[in-house]
Amino acid sequence: MTTRALYCPQNRELDLSELSASDYRLIRSLRGRLHRGDRVLLCLEPVEPGQDELFVQESGGNCYAVHFDGGRAHLVSRESDEHKWQKEYWYRAAEDAGHSAQVQYSTRRGTVLDVAIHAAVRTGVELRRAHTNARVAADRTAKAHRAGWLSLWFADADHAPSWFHRIPSVGYNRISWDALPPRRAATATGLKEVEPVKCTIRAFDRCPAGKRLHCGEFHPDLKPWRGVTVDQVAAMVPAGRAVALSTSRGLVYVVPRESLDRYQELTGRSGLYVPGPDPHAAVPVPARQEGASPCLECKRCGQDLLLIRPGRELCERCHPTMRSDR
């Protein structure tokens with residue numbers, strides 16, 4: 001299970017369950033050297049506030065990070081072969097595309113990117129397991145964004161984790177990671193394309209624009225973007241040819257750049273993903289031109305406002321109207 005910890009001397013966040021060889025040696029070197037109040041190694045998910053301080057000990061041949069308060073112990077372990085080869089796969093794909101890449105890159109915000117791709121869009125690949133929850137993933141993505149990086153999360157093939165499509169993410173077909181797979185062996189999954197579809201009862205169960213009846217106009221429909229390899233994703237996202245699209249429902253998909261343009265034309269919304277502390281947070285919509293009709297969209301999520309009142313800028317979901325008990 002993931003244990004997020006902060007190594008204070010370097011202001012670096014570590015996953016104690018998937019440490020690189022150098023970080024594993026670093027944590028083991030702290031055995032017997034940490035005392036209460038030193039605040040060198042801190043648990044980022046303590047059970048109780050103020051019980052975040054850790055010391056390091058060995059028992060039964062294993063290394064543990066233990067809370068001074070409460071005695072809770074976290075197993076300290078090296079990264080798996082799968083994790084190592086996945087990093088190498090993304091690194092190789094980025095370099096093959098002509099981008100400069102680094103493994104285990106530390107940002108200015110304390111997060112460490114598994115693979116950092118330096119290009120027009122600075123992209124940080126996060127190799128995280130299903131047990132990482134959506135809140136933690138959104139928090140890391142926001143921190144990386146504040147440091148100037150777009151985080152792209154790589155999901156396990158077995159099943160979709162809770163953060164999948166809540167932040168920029170991509171899956172892959174089931175392949176072996178016992179060794180470095182050949183180039184283009186990993187097929188990307190979870191990618192989408194935007195197609196314009198006429199609003200009829202056959203196409204949509206309800207009007208996506210929030211109208212009472214099907215309006216007959218064209219709305220964006222997201223279809224699977226097939227036939228794309230992980231190698232191509234490593235080339236296209238850093239180059240800006242593939243982008244993260246945020247829908248009005250707070251779902252995030254990696255799409256071709258032209259699909260984002262099509263989404264903007266069909267909806268009048270920005271659609272470009274901007275991370276925030278909330279995994280469901282939506283992006284701000286572009287300003288309306290002078291003389292255009294007033295904006296009747298929720299300022300938080302972008303949904304159409306169905307209840308129009310003076311001064312009301314949030315939809316019923318984001319800010320429910322007080323109701324009488326009668």
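# Reading the labels on a predicted model

A search of the whole structure, which is a predicted model, finds 3 cavities of 30 Å³ or more.

Q: What is the volume of the largest cavity, and which residues lie closest to its centre?
A: The largest cavity has a volume of about 160 Å³. It is lined by 16 residues, of which Asp15, Glu18, Gln104, Asp114 and Arg128 are the closest to its centre. Strand E2 (12–15), helix H2 (81–96) and strand E8 (112–118) are the elements that give two or more residues to this lining, and the largest share, 3 residues, comes from E2.

Q: What makes up the lining of the second largest pocket, by class and by element?
A: The second largest pocket holds about 240 Å³ of space, and of its 16 lining residues the closest to the centre are Val121, Leu150, Ala244, Leu272 and Tyr273. By class, this lining has 11 nonpolar, 3 polar and 2 charged residues. Strand E15 (residues 242–246) gives the most to the lining, with 3 residues.

Q: How do you know that E15 and E16 are paired, and in which sense do they run?
A: Two strands need at least two bridges between them to count as paired, and E15 and E16 are joined by 5, running antiparallel. Within this pairing, Ala244 stands opposite Val254 in E16. The hairpin of E15 and E16 has 5 residues between the strands, and Gly250 there takes a positive phi near 85 degrees. Strand E16 (residues 252–256) is mostly covered, since 5 of its 5 residues are buried.

Q: Why is the pair of Tyr105 and Trp149 called tilted?
A: The structure holds 8 aromatic pairs. In the one formed by Tyr105 and Trp149, the ring centres are 5.1 Å apart and the planes stand at 55 degrees. Centres within 6.5 Å make a pair, while planes under 30 degrees apart would be stacked and planes over 60 edge-to-face, so the rings of Tyr105 and Trp149, at 55 degrees, are a tilted pair.

Q: What parts of the structure does the pair of Tyr105 and Trp149 tie together?
A: Tyr105 lies in strand E7 (residues 100–106), whereas Trp149 lies in the loop between helix H3 (134–146) and strand E10 (150–154), so the pair ties together parts that are 44 residues apart in sequence.

Q: Why is Trp149 called buried, and what is the class of Tyr105?
A: Buried means under 20% relative accessible area, and exposed means over 50%. Trp149 has a relative accessible area of 3%, so it is buried; Tyr105, at 21%, is therefore counted as partly exposed.

Q: What makes E10 largely enclosed, and how is E10 paired with other strands?
A: Because 4 of the 5 residues of E10 are buried, the strand is largely enclosed by the rest of the structure. Strand E9 (residues 123–127) is joined to E10 by 5 bridges, running parallel, and Gly124 has Ser151 in E10 as its bridge partner. E10 and E11 also pair in the parallel sense, over 2 bridges, with Val170 in E11 as the bridge partner of Phe154. Phe154 also belongs to one aromatic cluster with Tyr89, Trp90, Tyr172 and Trp177.

Q: How do you know that the charged end of Lys84 sits over the ring of Trp85?
A: The charged end of Lys84 is 4.8 Å from the centre of the Trp85 ring and sits over it, where the distance has to be within 6 Å and the direction within 35 degrees of the ring normal.

Q: What is the phi of Arg39 and of His165, and is each buried or partly exposed?
A: Arg39, in the loop between helix H1 (21–28) and strand E3 (41–43), has a positive phi of about 50 degrees although it is not a glycine. His165, in the loop between E10 and strand E11 (169–172), has a positive phi near 70 degrees and is likewise a residue other than glycine. At 39% relative accessibility Arg39 counts as partly exposed, whereas His165, at 14%, counts as buried.

Note on methods. Residues are numbered from 1 along each chain as its sequence is written. This is a predicted model: local features need pLDDT of at least 70, side-chain atom pairs count only at pLDDT 80 or more; totals for chains, interfaces and linings use all residues. Side-chain values use heavy atoms; hydrogens and water are left out. Rings of Phe, Tyr and Trp (its six-membered ring) pair if their centres lie within 6.5 Å; planes under 30 degrees apart count as stacked, over 60 as edge-to-face and the rest as tilted. Buried means under 20% relative accessible area, exposed over 50%, partly exposed in between (1.4 Å probe, protein chains only). On a 1 Å grid over the protein atoms alone, a cavity is a set of points where a 1.4 Å probe fits but cannot get out, and a pocket is an open set with protein on both sides within 12 Å along at least five of seven lines; lining residues have an atom within 4 Å of a point. Grid points are joined across faces, edges and corners, and a volume is the space filled by probe spheres set on the points. Ala, Val, Leu, Ile, Met, Phe, Trp, Tyr, Cys and Pro count as nonpolar, Asp, Glu, Lys and Arg as charged, and the others, Gly among them, as polar.
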